[in-house]
Amino acid sequence: MGSGIVVIALALLFDFSNGFHDAANVVATMVTTRALSPRRALILASVCEFIGPFLFGTAVAQMIGKNIIDFSTFSPASLDLSMFLLMSALIGAIGWNLITWFFGLPSSSSHALIGGMLGAVLMAYGSNKILWGGLLYVLGSLIFSPALGLLVGWLFLKITFWLSRNATPGINYFFNRMQIPSSIALALSHGTNDAQKSMGLISMALVILGISPSFYVPDWVILCCAAMIALGTAAGGWRIIKTMGTKIYRLRPVHAFCAQTSSATVILSAALFGGPVSTTHVVSSSIIGVGVGQRMSAVRWGVARSIILAWFITIPAAATLAGLSLVLLRCFFHI
């Protein structure tokens, strides 16, 4: 039972780091364009992050918990090793979140958690315990969603420019105010998608421990994960907020509104279909898409390349950290 408490604690810590790391996704554009003060933006985002997981089901949690790793890998017959696998996956994901936060890189918490799960299981059992069909579906969602975010961001800006082509400069005030409902939609979609990933691991731990007869997500798990991601968002990772808000593209109210709305559309659609997309990738690619919609030269491509590089190395980096964590845990506890 003690190992179960550790897994739950690590899962909730991951949720906190997820909210802290990904607060930039929700508030960066709003803070940069001064639609709201940083404090009010973070409070609004954290409230919506908390509400999101209760509104749109647990399809992503089901995908993470049942369709990536063969469920027989996590067996009550090998209880200690099963719990060490979950601990190592979470340690790898949390470690990579902290590293990328330190350097101000908006990497994916989703990629980090999936990489952590893969690294731990590969170290313990090899590749035969990985459900390649489910993994390919997840990787497809994670790879396809940034391209969709860029396209939708570009398209939404073009449509918005066309609809407001005869507007006076006062339209900027309208777009500044419209960032508030678009940020609410983005925070709801982020909370819906991201909090569910750790829900899947906690629910898996409950089955292994014999507390749950089958895989499902209890209400108290939803409540705890929603609360932790909300608290992490309220804390705010300012290094990444600065990168997202000012270093990719110089945002004005219309660009911020278009980036937020297109991001929320893509993320919420994915959550409803069980696709654990990276909100970081979708938001940053939407900002790039909006910048390209203005003009290609407006995007700071050096910064964009650094972000894209972080996208590609996150899964192997988190997998490596998780694999090393498993080795250390097994040596220390002689499992």
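**Ground rules.** I number residues from 1 along each chain as its sequence is written, and I use heavy atoms for side-chain values, leaving out hydrogens and water. Because the model is predicted, local features need pLDDT of at least 70 and side-chain atom pairs count only at pLDDT 80 or more, while totals for chains, interfaces and linings use all residues.

**Entry 1, α2 and α7.** I looked up helix α2 (residues 38-51) and helix α7 (residues 171-208), whose axes come within 7 Å and cross at roughly 45 degrees. I take helices as DSSP runs of H or I with at least four residues, numbered from the N terminus, and axes as lines fitted to C-alpha atoms over the stretch in contact, with angles from 0 to 180 degrees between N-to-C directions.

I then listed the contact (heavy atoms within 4.5 Å), where L44, A45, C48, E49 and I51 of α2 meet I180, I184, A187, L188, H190 and G191 of α7. By class, this contact has eight nonpolar, two polar and one charged residues.

I checked the length of α5 (residues 109-125): at 1.5 Å a residue its 17 residues should span 24 Å, and its end C-alpha atoms are 24 Å apart, which agrees. I found 13 of the 17 residues of α5 buried, meaning under 20% relative accessible area with a 1.4 Å probe and protein chains only. G126 follows α5 and has a positive phi, near 85 degrees.

Conventions
Helices (H or I, at least four residues) and strands (E, at least two) are DSSP runs, numbered from the N terminus. Ala, Val, Leu, Ile, Met, Phe, Trp, Tyr, Cys and Pro count as nonpolar, Asp, Glu, Lys and Arg as charged, and the others, Gly among them, as polar. The expected span of a helix is 1.5 Å times one less than its number of residues. Buried means under 20% relative accessible area, exposed over 50%, partly exposed in between (1.4 Å probe, protein chains only).
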